[in-house]
Amino acid sequence: CSMQDLLNGGMKLHRDIMFIGFDSDILVNTSLMNMYSRCNNLKHAWKVFETIAIHDIVSWNAMIDVCAQHDQSEDALQLFGEMQKNGVVPNKVTLLNMLQACTNEIGFSQGTHIHNDIVARSLELDLVVATALVTMYGKCNSLEDAWELFTRIPERNLVSWNAMLASYAQYGTVEQTFALFEQMILEGDLPNKVTFLSMLSLHQSKPCVPLVGRLHSFLLSIGLDKDVSIGNALICMHGKCGNLKAARLVFDTLSERDVVSWTAMMSVYCQEGLHKDCHLLFEQMQRQGIIVDKMAFVIMITAFSNASTLHEGKMIHSHVVQSNLDSIIDVSNALVNMYGKCGSLDDACTVFENMPTRGVITWSAMLAGYAMHNEYDIVLQCFEDMQKIGLKPNHVTFLSLLSACGQKGLIDKAYDYFYSMKA
């Protein structure tokens with residue numbers, strides 16, 4: 001059943017609980033908060049939390065965990081502060097939840113404070129806590145801190161190895177990641193599915209092809225290459241390496257394919273400029289009854305982003321509307337970009353005007369379309385409109401602006417934009 005079906009069932013259960021008078025029970029409320037969190041409904045999770053008359057450590061921990069699970073770091077930090085103001089002392093579970101919430105540069109400072117608290121409680125080398133610290137430092141792009149702590153864990157397990165590998169895969173080098181992978185095996189910890197998914201998520205755009213081939217061979221030897229999640233990641237990795245043949249082989253040998261498998265292979269074709277192959281796969285996907293998601297549409301729209309494929313792009317746009325996905329900002333951004341590149345500025349403007357929300361990517365795509373077709377006065381006007389609503393421009397915005405200023409002979413203005421970009 002769908003997430004909406006699960007939510008509807010959960011809300012009915014919540015009403016039944018209120019009817020029989022169990023809604024004041026702290027454990028029941030905690031379970032309700034977790035249920036709403038799993039249904040991606042933070043609004044109702046907050047409502048349950050706010051109806052609790054007296055919060056104990058369990059309810060505070062539950063709500064902090066909900067915020068951490070949904071990347072609401074600031075809310076988690078605020079709850080952590082309020083909890084202590086109310087005289088509730090954080091426990092090990094609180095600290096673990098907070099470490100999960102401190103997963104970016106903004107949360108790094110708070111994460112180090114929590115680390116100090118952990119040291120004061122003599123919990124730093126507790127295996128679970130130490131692994132959470134490694135994950136926190138890794139996600140905050142502080143690899144030296146993550147590595148220093150990892151090396152001091154007295155008895156590492158597969159979870160701690162995976163935490164360090166994930167950190168290197170995200171922010172380290174290919175060589176660092178593979179060296180750690182080999183060290184893990186030498187020390188007797190055999191990799192699992194989580195390990196390989198981390199290895200296959202290497203952030204670099206062009207991972208070392210021989211190393212990826214070795215990893216694929218390892219997966220073949222233990223039979224994990226047929227797992228759909230692993231297979232999808234392999235398709236993406238081979239695509240990053242420009243190895244179309246290997247990516248297609250993985251796709252063809254998957255015993256089961258989900259929508260991610262299809263979109264991953266379509267993305268590889270699109271990256272290689274093989275737009276007809278991408279379209280054929282899209283049609284095959286539909287014939288097999290796979291429900292087309294927003295990612296598949298974004299890939300197809302991107303594939304048709306040139307003047308010679310405007311007709312096909314419009315057909316995809318019609319399909320988007322029929323699927324009720326035209327209000328999704330990622331899809332609309334792709335449509336604005338496609339119409340702009342195809343020279344159909346009226347269509348780009350129509351999509352732009354009909355969007356319920358517009359972000360910097362939306363505006364930048366619109367500016368790029370106008371700049372590409374020499375509508376430089378409109379570029380400058382659009383930028384002024386963008387500034388009025390407080391949107392911070394990105395590098396695409398500035399490229400369009402600099403192009404417009406160059407063509408209009410506005411050299412001083414171009415310098416102003418250039419220096420504001422550097423600032």
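Among contacts (heavy atoms within 4.5 Å) in the protein chain between residues at least 6 apart in sequence, 59% join residues at least 24 apart. This is a predicted model, where local features need pLDDT of at least 70 and side-chain atom pairs count only at pLDDT 80 or more, while totals for chains, interfaces and linings use all residues. Residues are numbered from 1 along each chain as its sequence is written, and side-chain values use heavy atoms, leaving out hydrogens and water.

**The chain as a whole**

- The secondary structure comes to 25 helices and 0 strands; helices (H or I, at least four residues) and strands (E, at least two) are DSSP runs, numbered from the N terminus.
- The C-alpha trace spans about 65 × 55 × 50 Å along its principal axes.
- Of the 423 residues in the chain, 43% are buried, where buried means under 20% relative accessible area, exposed over 50% and partly exposed in between (1.4 Å probe, protein chains only).

**The nonpolar core**

- The largest nonpolar core has 125 residues, and Ile 235 and Met 266 touch the most other members; such a core is a set of buried Ala, Val, Leu, Ile, Met, Phe, Trp, Tyr and Cys residues joined through side-chain atoms within 4.5 Å.
- Not counting residues up to four places away in sequence, Met 266 touches Cys 278, Leu 281, Phe 282, Met 285, Ala 296, Ile 299 and Met 300.

**Helix pairs**

- Helix H16 (residues 259–271) packs with helix H18 (residues 294–303) at an angle of about 15°, their axes lying 10 Å apart; axes are lines fitted to C-alpha atoms, for helices over the stretch in contact, and angles run from 0 to 180 degrees between N-to-C directions.
- That angle makes H16 roughly parallel to H18, since angles under 35 degrees count as roughly parallel, over 145 as roughly antiparallel, 65 to 115 as roughly perpendicular and the rest as oblique.
- H16 passes H18 in a left-handed crossing, meaning that the near helix is turned anticlockwise from the far one by less than a right angle (right-handed if clockwise).
- On the H16 side the contact is made by Thr 263, Met 266, Ser 267 and Cys 270, and on the H18 side by Met 295, Ala 296, Ile 299, Met 300, Thr 302 and Ala 303.
- The residues of this H16 and H18 contact divide into 7 nonpolar, 3 polar and no charged; Ala, Val, Leu, Ile, Met, Phe, Trp, Tyr, Cys and Pro count as nonpolar, Asp, Glu, Lys and Arg as charged, and the others, Gly among them, as polar.
- Helix H14 (residues 228–240) and helix H15 (residues 244–253) pack at about 165° with their axes 8 Å apart, and are therefore roughly antiparallel to each other.
- In this pair, Gly 231, Leu 234, Ile 235, His 238 and Gly 239 of H14 meet Ala 246, Ala 247, Val 250 and Phe 251 of H15, a contact with 6 nonpolar, 3 polar and no charged residues.

- Thr 195 sits in helix H12 (residues 193–199) and is buried, with a relative accessible area of 0%.
- Leaving aside residues up to four places away in sequence, Thr 195 touches Leu 158, Asn 162, Leu 165, Phe 181 and Met 184.
- Asn 333 belongs to helix H20 (residues 329–342) and is buried too, at a relative accessible area of 9%.
- With residues up to four places away in sequence not counted, Asn 333 touches Met 355, Ile 361, Thr 362 and Ala 365.
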